[in-house]
Amino acid sequence: MTLLDFARGPGMQWSLIILIVGILWRVVGTLLLSAEKDYSQARQGGTGPGIRAVFRRFWPHPEFVKPTLFHMVGGYTLHIGLFVVIFLFAPHILWFADLLGLPVWANLPNNIIMLAGALTAASLVAFVLRRMTHPVMRRISGFDDYASNIVTLLPVVTGMLAFAHTPIARYETLLALHLLSVELLFVWIPLSKLAHALFFIPSRYQLGAAFGRRGVKV
Amino acid sequence: MTSKKRQDMTIGEALRANGVSRRGFLKFCAATASLMALPPGAATAIAAALEKAKRPSVIWLSFQECTGCTESLTRSHSPSIEGLIFDAISLDYHHTLQAAAGHGAEAAREEAMKEHHGKYILVVDGSIPMKDDGVYSTIAGMTNLAMLKEAAAGAAAIVAVGTCAAYGGLPAADPNPTGAVAVSEIIKDKPIINVSGCPPIPVVITGVLAQFLTFGLPELDDLGRPKAFYGQNIHDRCYRRPFYERGQFAETFDDEGAKKGWCLYKLGCKGPITYNACATTKWNEGTSFPIQSGHGCIGCSEPDFWDMGGFYKALSQGKLGSAEGLAAAAGIGAAIGIGSALLGSSGQKAAKAEIKAKLDKDMEATK
């Protein structure tokens with residue numbers, strides 16, 4: 001069995017199994033935790049503010065725009081770039097369609113994908129460098145933060161190297177490394193801060209709903 | 001025919017005896033040099049070496065195979081100069097091509113092995129079954145394994161023609177019922193040149209022999225193939241590559257994309273992981289190659305190409321098999337989640353009870 005065969009077969013299968021077990025464990029486990037009962041009288045329903053909070057928090061309060069500009073620009077570049085690369089690159093679309101039994105959707109030209117990949121990689125590198133150099137960021141960053149950045153960066157970089165048929169290794173080796181780095185990401189997602197992808201919507205909703213009940217403007 | 005005995009002729013003499021002109025011979029040498037990406041001056045060196053080279057004895061053993069490799073070589077190029085190069089070697093044993101049969105055929109093989117011991121080229125097509133002492137393929141009562149070992153002992157070099165001989169090929173496909181293996185898994189003490197493909201390109205087979213006769217053992221890649229012919233990736237040389245870059249793909253074999261000649265990646269083309277000369281030398285005397293004819297590359301020159309997850313499944317699609325494992329994972333994950341939530345709840349209750357007891361105790365103490 002070659003490295004590519006392993007990455008396409010058992011490696012992919014086991015990493016997906018770990019991803020699914022991990023996601024369901026964390027999501028089901030968190031959602032079923034019993035919340036403290038709120039005995040105060042609600043000033044308004046929580047549903048509306050909860051939903052509003054989910055969307056409102058895509059952009060910071062005006063007071064915080066300037067201090068968080070680096071994170072806002074970098075964060076949006078990273079997330080939009082990842083979305084484009086993951087969901088609009090033809091080989092990735094085929095992977096999702098095959099896994100989920102979905103019809104194939106339209107893809108973007110590869111030069112746009114490469115541009116998105118480069119911006120994504122650049123923003124991830126910038127985040128790592130900022131963590132290492134900013135006095136406050138350095139103090140509040142732990143292993144999980146650095147590891148999550150790097151584990152996200154690896155599939156982007158290896159994917160671009162493979163796509164470009166970079167002559168540092170044979171294409172199938174680069175493709176295998178790309179798949180293995182994706183598999184590492186799958187395993188890492190439920191165990192790390194990358195699980196924010198699962199929790200950011202319910203946690204925003206929960207906080208917005210709690211604030212709403214107490215009459216706080218969301 | 002000249003008065004000289006055929007087996008004593010040089011290749012040049014044999015070609016002239018077959019009516020091949022000097023011009024035709026030099027054209028072949030130039031084409032071979034070009035195939036090997038050698039400078040134009042190398043054509044003269046090839047011509048000089050081939051001119052003088054004694055017709056080497058070649059013993060061709062066919063094991064677990066479909067004869068496609070021989071068909072490819074003999075049918076598509078005959079009676080071209082490449083075919084005549086084969087005529088010019090002393091092909092002393094070949095099941096399909098030799099006139100002799102039965103004991104006569106085996107006697108010819110044994111005689112050639114004895115007469116040219118240490119000097120003959122052993123060509124093998126087909127894999128070798130190892131299971132149950134190799135009983136699944138025998139020739140004249142002799143297992144392929146025994147015949148290969150016997151013939152390899154006196155060979156100067158071995159050329160494993162076709163993916164079956166080079167890597168096990170179709171007979172070794174999962175679940176490999178006969179325990180089929182490649183030549184290189186059995187013979188460890190002789191130089192082996194893998195000329196993979198299902199079948200290999202005819203001009204590549206003759207080119208490898210010409211290269212061997214001219215320059216000795218060629219430079220090989222990590223899969224034992226001559227770099228001159230297998231150094232290039234099909235995807236890199238594919239004329240449809242610009243459509244891949246633009247993201248224009250044929251979705252079915254008869255849609256607009258297919259008619260416009262767009263990239264066949266989505267239809268399972270394995271060009272990006274396949275190394276062969278198809279996109280450059282092409283087939284049928286340079287007429288076309290599979291991708292040009294509208295079908296994706298199946299990666300036939302690569303090990304285990306039969307088990308790559310399906311010819312019509314795109315390379316980016318995994319080899320996940322059944323979805324049962326993933327469904328079971330979902331069930332296990334949910335069960336662990338429920339369990340951890342229950343544990344969390346009972347922990348919360350216990351903590352609350354503990355706090356309440358402590359508070360009650362403090363209250364009692366203050367009274």
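In the predicted model, B:Cys198 is partly exposed, with a relative accessibility of 39%. The cysteine sulfur closest to that of B:Cys198 belongs to B:Cys300 and lies 5.7 Å away. Because a disulfide requires two cysteine sulfur atoms within 2.5 Å, this separation is too far for a bond. B:Cys238 likewise takes part in no disulfide; its nearest cysteine sulfur, that of B:Cys269, is at 6.4 Å. B:Cys238 has a relative accessible area of 12% and is therefore classed as buried. A search over all chains of the structure returns zero disulfides.

Strand β7 of chain B spans residues 155-161. Six of the seven residues in this strand are buried, and the strand is accordingly described as mostly covered. β7(B) pairs with two strands of chain B, β3 and β9. Strand β3, residues 120-125, runs parallel to β7(B), and six bridges connect the two. Strand β9, residues 192-195, is also parallel to β7(B), with four bridges between them.

Definitions and conventions: Residues numbered from 1 in each chain as written. Chains lettered and ligands numbered in written order. Predicted model: local features only at pLDDT ≥ 70, side-chain atom pairs only at ≥ 80, totals over all residues. Heavy atoms only, no water. Buried < 20%, exposed > 50% of the residue type's maximum accessible area, 1.4 Å probe, protein only. Pairing = 2+ DSSP bridges.
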